[in-house]
Amino acid sequence: MSVITLDIERIKKIKDLVEEVKGICSGERYRDLSVFRERFHNQEQVKRVPIIIEFDPLWLAGHLGFDYKELVMGNSLEVLIEFQLKQKIFHHRYIPDDTIIKPEINTRPTGIPVVDPFGGHYEYHFNTGGWHVLPVMNERSELNKISLPRFNSDEYNIRKRETLNRFNDILDGELKVNY
């Protein structure tokens, strides 16, 4: 079991951001958007198509004052949570699209890849803003480097539970956490 240290000042800031996000999410704007989007997805008659705007995570991180490298490669859940909360607030304030902002946090935000089960590694090119998968092998003679992935549901469930517990400890159960 690893030792976890919490950034108390950042957690205080997170609590304030959580309250702001909860207030945003309970507003009339998102109730109306939910009805509109549901009607659209049910193929009912609507006057327009929903428009969703998403930002490049590298740009958004810099714009919100985060070091994207720390965000992606770091181990600070507090930084990850603060970034997502500020992202929601920024979107609400400045982007009048049809995105429905929800009172929830993801353990792995969009733009950060998952681990390759076949042993490949991801490398982020900070100058171009893109992820590249490094190959497991470069020559046909290296074919023996590839093995079938081991899927152990017990290990996965333990890691999932530990991750969810860490997020919930920081958020104090105030927001839903998606794994």
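Q: Which salt bridge do Arg-48 and Asp-98 make, and what is the N to O distance?
A: In this predicted model, the side chains of Arg-48 and Asp-98 meet in a salt bridge at 2.5 Å, N to O.

Q: Where do Arg-48 and Asp-98 lie?
A: Arg-48 is in the loop between α2 (28-41) and α3 (57-63), and Asp-98 is in the loop between α5 and β1, so the pair ties together parts that are 50 residues apart in sequence.

Q: Is Asp-98 buried or exposed?
A: Asp-98 is buried, with a relative accessible area of 4%. Arg-48 counts as partly exposed, at 41%.

Q: How many salt bridges are there?
A: The count comes to ten. Among them is Glu-20 with Arg-93, at 2.6 Å, N to O. That pair links distant parts of the chain, with Glu-20 in helix α1 and Arg-93 in helix α5, 73 residues apart.

Q: What about Glu-19 and Lys-22?
A: Their side chains also form a salt bridge, at 3.6 Å, N to O. Glu-19 and Lys-22 are three residues apart in helix α1, which means about one helical turn separates them. Glu-19 is partly exposed at 45% relative accessible area, and Lys-22 is partly exposed at 28%.

Q: Lys-88, then: buried or exposed?
A: Lys-88 is buried, yet it has no salt bridge. The nearest side chain of opposite charge is Glu-104, 5.8 Å away.

Q: What does Lys-88 touch?
A: Leaving out residues up to four places away in sequence, Lys-88 touches Val-21, Ile-101, Lys-102, Glu-104 and Ile-105.

Q: New topic: where is Pro-103?
A: Pro-103 lies in the loop between α5 and β1 (104-106). Beyond its neighbours within four places in sequence, Pro-103 is in contact with Val-21, Cys-25, Leu-175 and Lys-176.

Q: And how many helices and strands does the protein have?
A: There are six helices and four strands. From the N terminus on, they run α-α-α-α-α-β-β-β-α-β.

Technical notes. Residues numbered from 1 in each chain as written. Predicted model: local features only at pLDDT ≥ 70, side-chain atom pairs only at ≥ 80, totals over all residues. Heavy atoms only, no water. Buried < 20%, exposed > 50% of the residue type's maximum accessible area, 1.4 Å probe, protein only. Lys, Arg positive; Asp, Glu negative; His and termini not counted. Salt bridge = Lys/Arg side-chain N within 4 Å of Asp/Glu carboxyl O. Contact = heavy atoms within 4.5 Å. Helix = DSSP H or I, 4+ residues; strand = E, 2+ residues; numbered from the N terminus.
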